[in-house]
Amino acid sequence: MTERSCTHAVQNHEMEQKQFQAESKRLLDMMIHSIYTHKEIFLRELISNASDAIDKLYFRSLTDDSVGMNKSDFGIQIAIDKEARTLTITDNGVGMTKEQLEEHLGTIANSGSLQFKKENHLSEDNQIIGQFGVGFYSAFMVAKRVSVKSKAFGETQAYIWQSEGVEGYTIDACDKDTVGTEITLELLEDVEGDADGNGAENYSEFLDQYRIQRLVKRYSDYIRFPITMDMTKSRKKEDSDEYEDYIEKTTLNSMIPLWRKNKNEITEEEYNDFYRDKCGDYSEPLCHMHVRNEGTITYDALLYIPSHTPFNYYSKDYEKGLQLYANGVLIMDRCEDLLPDYFSFVKGLVDSEDLSLNISREMLQHDSQLRMIGRSIERTIKNELKRLMKNDREKYEKFYQSFGLQLKYGIYQDYGMHKDLLQDLLLFPSSHENGKLTSLQEYIDRMPEGQDAIYYAAGESIARIELLPQTEQVRDKGYEILYFTENVDEFAIRMMQNYQEKSFKSVLDSSLDLESDAEKKELEEKQNTSKDMLEAVQKVLAGKVGSVKLSGRLKSHPVCLSSEGELSMEMAKTLNAMPGTEGEKLKANTVLEINPNHAIYQTLMDMQQSGSEKLDDYAKLLYDQALLIAGMPVEDPVAFSNRICALM
Ligand code: ADP
C-alpha cells in the first residue's frame, strides 16, 4: 500500500454512511419493493455490466501493451456459497475508481437514468422502470446486502462499496490483487406467504447452480466472454457402484453473438431479450431487422424499432446511434453516423469485419466504409417500413403514431433532399373514412377522373378542420381532403411541392378554382355589381385583410378567410409561435370571402347604398366571425363583444 492510499484507508474508516442521492433512493426503494415478477433479471444486468467493463479493457488492450492481457484472458465468474447465502459475480474488466463507485453506484448517473433524474418521471408504474433499464440497482430485488469490490485499471488501491439498501452506502479502501470488479449479493431470506402461497418469495433458487446455469443460457448466452462457474457434478467411482462429487469449471454461455447466429436458430424471444438488454428498453420492440450484407463491404446488423416513443425522443436530449463493432469488438457505443436523423428512432448494432480496430473516433467520422454501411442501413430500414406498411398496416400505424412526426421533419429538412426516400412512408388522416390514415399513393389511387390536385386542409384537429366552410365545396365535388393537424405537415408538403406530378393544394387557398365556367361568369358579374360594397368593407378592414371578394364556394356560411400566396394562415401561426419571433409577426396575405347567396350579402349591399354608418361595425364583426371559424383568436375580444351587444 502506498503512503497516500494508507491515509485514504484511515480516512475511510472514519467515514460515515453516505446518503444516496434523492432520486437514486427512490429508484432503489422501488426496486426493493418491486412487484416485478422477473426478479431473475438482476443476473442479466450484472453480467451485462461486467461484459461492458471487459469490453472497455479489451478494447484498450488492443492498443495499449500495459494492459498485458489477451482476449482469452478475459472472463466473468459466478460463485455460489450456499452457507453464506451469497452469489458473487467477478469480472476482470476496467473496474471502478473510488470516484466512479461514488458516481455510478451512489447516484443515478448514466444513460437513460440521467434523463430519468431530470424528468422525475417516477411513478408506481412498472413501465417507467422499463423505459430506463433497471441496471445495477436490480440487485436489491433479491439481495439484502450488496458489496462491490473494485480495482480500476491503472490504480493501485482497490475500494469496496457496500449497501443494505435505501439507508445509504459506505466506501472503504480494501485489498484486491487484480484489476476488475467483484460483486457479492447476500440474498434475502425466503418468504413463505399465506396458506395459498400468496406473497411467497423464493430467493434460495439463486443458490441453485442449475438455475443459474439456465438463467445465463437464457439471458446472457451471447455475451462474448466466457461466463464460468465451478459446478458440483457427480460421477461413478472407478470399479465401484458408488458415486462421488467433483467440481468442474463450466462455461455457461455459447459466446456466439446473437447477430452472428443463423436467423432460423434465433427465437423471437431471444431477439426481444437481446433488445431489452442492449437497448435499455424494457418493453418489447415493435420489430427487428437482422441483416447480413456481403458485397463491397461486409457487415452484420441487428436493428430494432421501439414499440413506443422514448420519453425524450422529440427533445434535444435524445441521442441517436448504433453500437459499432469491428469484428466482434465493441469500438463505439453510439455511432451517430450510421443513422440519418429521420431514422433516429432505430436502435441496435452493426458489426463489420472490414473495419479496422484501431480506428480512432475522429477518423471514424470520415470513414467512407462507415458511410457505405450507413447508406445500406438506411435502405434496409426504409424497405422494412415499406414492408410493414404493406403487410402489417396495424403495426405500421402504431409505428407511425410514435415516429411519423420524425419522418415529416425528415422531408422538411435539407430543403426536401430526402423526399423521394420518405414520401411513400407518410400517412395522413383524410376525409375518406372519418379521419382514417391514408398514404399518398392510396389517395392518388382513389382520385376520381378530373381531379388534378391533392387537396389538404390544415387546422388544429380533425374535428376543427371538418367544420371549415371551405371544405364543403371540395367534398361536394367528391374530392378527398387530407387533414393536416401537425404544425410540420404543411411545411413538409410545401417542400415536396408535388407527389406523382400532382400538386398539393390547400382548400383554404383563395385560388382553389373549382367552379365551373358558368359559375365563374356569374360570380364575376356579381363581383362587378358589388364593387362599391366590397371596396367599402375593404377600407374598414385595411391592414387586416389583403382583399375582400365574393366567394363561389360558400354554401351555408356567411364568410370565410382564405389566403393568397406562399404563406398560409396556419403556417404563419406556427412560425409566429416559435421562440425568438416576438418582434415583427409574419402575416399571411388573407382574403375575406363573402357568400353572395347569404342574406348578409344583401344587408351589406343595402347598407352601402344607403350610406349607413353601421357598415363599419358589420364589416368588423364579419371579419371576427371569419377568424373564429378559421380557429384563430379575434384580435380584440372586448370590442367584438361590445359590437354584438350594441346590435342586440
Ligand atoms: P447502466 O449500465 O445502464 O449505465 P447501471 O446502474 O447498471 O447502469 O450501472 C451504472 C454504471 O456503473 C455503469 O455505467 C458502469 O459505469 C458502472 N459499473 C457497473 N457495474 C460495473 C462493473 N462490473 N465494472 C465496471 N463498472 C461498472
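## Starting at Ser48

Let's begin inside a helix: Ser48 sits in α3, which covers residues 41-61. Helices here are DSSP runs of H or I with at least four residues, strands are runs of E with at least two, and both are numbered from the N terminus. The model is predicted, so local features need pLDDT of at least 70 and side-chain atom pairs count only at pLDDT 80 or more, while totals for chains, interfaces and linings use all residues. Residues are numbered from 1 along each chain as its sequence is written, and side-chain values use heavy atoms, with hydrogens and water left out.

Is Ser48 buried or exposed? Ser48 is buried, because its relative accessible area is 10%. The cut-offs are simple: buried is under 20% relative accessible area, exposed is over 50%, and partly exposed is in between, using a 1.4 Å probe and protein chains only. For a sense of distance, take Ser48 and Asp624: they are 576 residues apart in sequence, and their C-alpha atoms are 63 Å apart in space.

## The whole chain

Stepping back, the protein chain has 22 helices and 22 strands. Its C-alpha trace spans about 120 × 60 × 55 Å along the principal axes.

Of the 648 residues, 50% are buried. The accessible surface comes to about 32,100 Å², and carbon and sulfur atoms hold 46% of that. These areas come from the Shrake-Rupley method with a 1.4 Å probe, and for residues only the protein chains shown count as cover. Now for contacts, meaning heavy atoms within 4.5 Å: among those with a separation of 6 or more, 69% join residues 24 or more positions apart.

## Four domains

How is the protein chain divided? There's domain 1 (3-232), domain 2 (258-391), domain 3 (411-507) and domain 4 (513-648). The bounds come from an automatic or database domain assignment.

Domains 2 and 3 have C-alpha centres 32 Å apart. They do touch: eight residues of domain 2 are in contact with 10 residues of domain 3.

Phe399 belongs to helix α11, a helix that runs over residues 393-412. Phe399 counts as buried because its relative accessible area is 1%. Setting aside residues up to four places away in sequence, Phe399 touches Leu286, Ile305, Phe345, Leu385, Gly404 and Leu407. Pro306 is 93 residues away along the chain, yet the C-alpha atoms of Phe399 and Pro306 are separated by 8.2 Å.

Move on to Gln413, and you're in the loop between α11 and α12 (419-422). Gln413 is partly exposed, at 27% relative accessibility. Beyond its neighbours within four places in sequence, Gln413 is in contact with Asp341, Tyr342 and His418. With Tyr342, the C-alpha separation is 9.0 Å across 71 residues of chain.

Lys502 lies in strand β19, residues 502-506, and is partly exposed at a relative accessible area of 26%. Which residues does Lys502 contact, leaving aside its neighbours within four places in sequence? They are Ile444, Met447, Asp452 and Ile454. Lys502 and Leu27, on the other hand, are 475 residues apart in sequence and 54 Å apart in space, C-alpha to C-alpha.

Glu501 falls in the loop between β18 (498-499) and β19. This residue is exposed at 78% relative accessibility, and its phi is near 65°, a positive value in a residue other than glycine. Most residues other than glycine have a negative phi. Asp239 also has a positive phi, near 55°. You'll find Asp239 in the loop between β7 (227-236) and β8 (243-251), where it counts as exposed because its relative accessibility is 82%.
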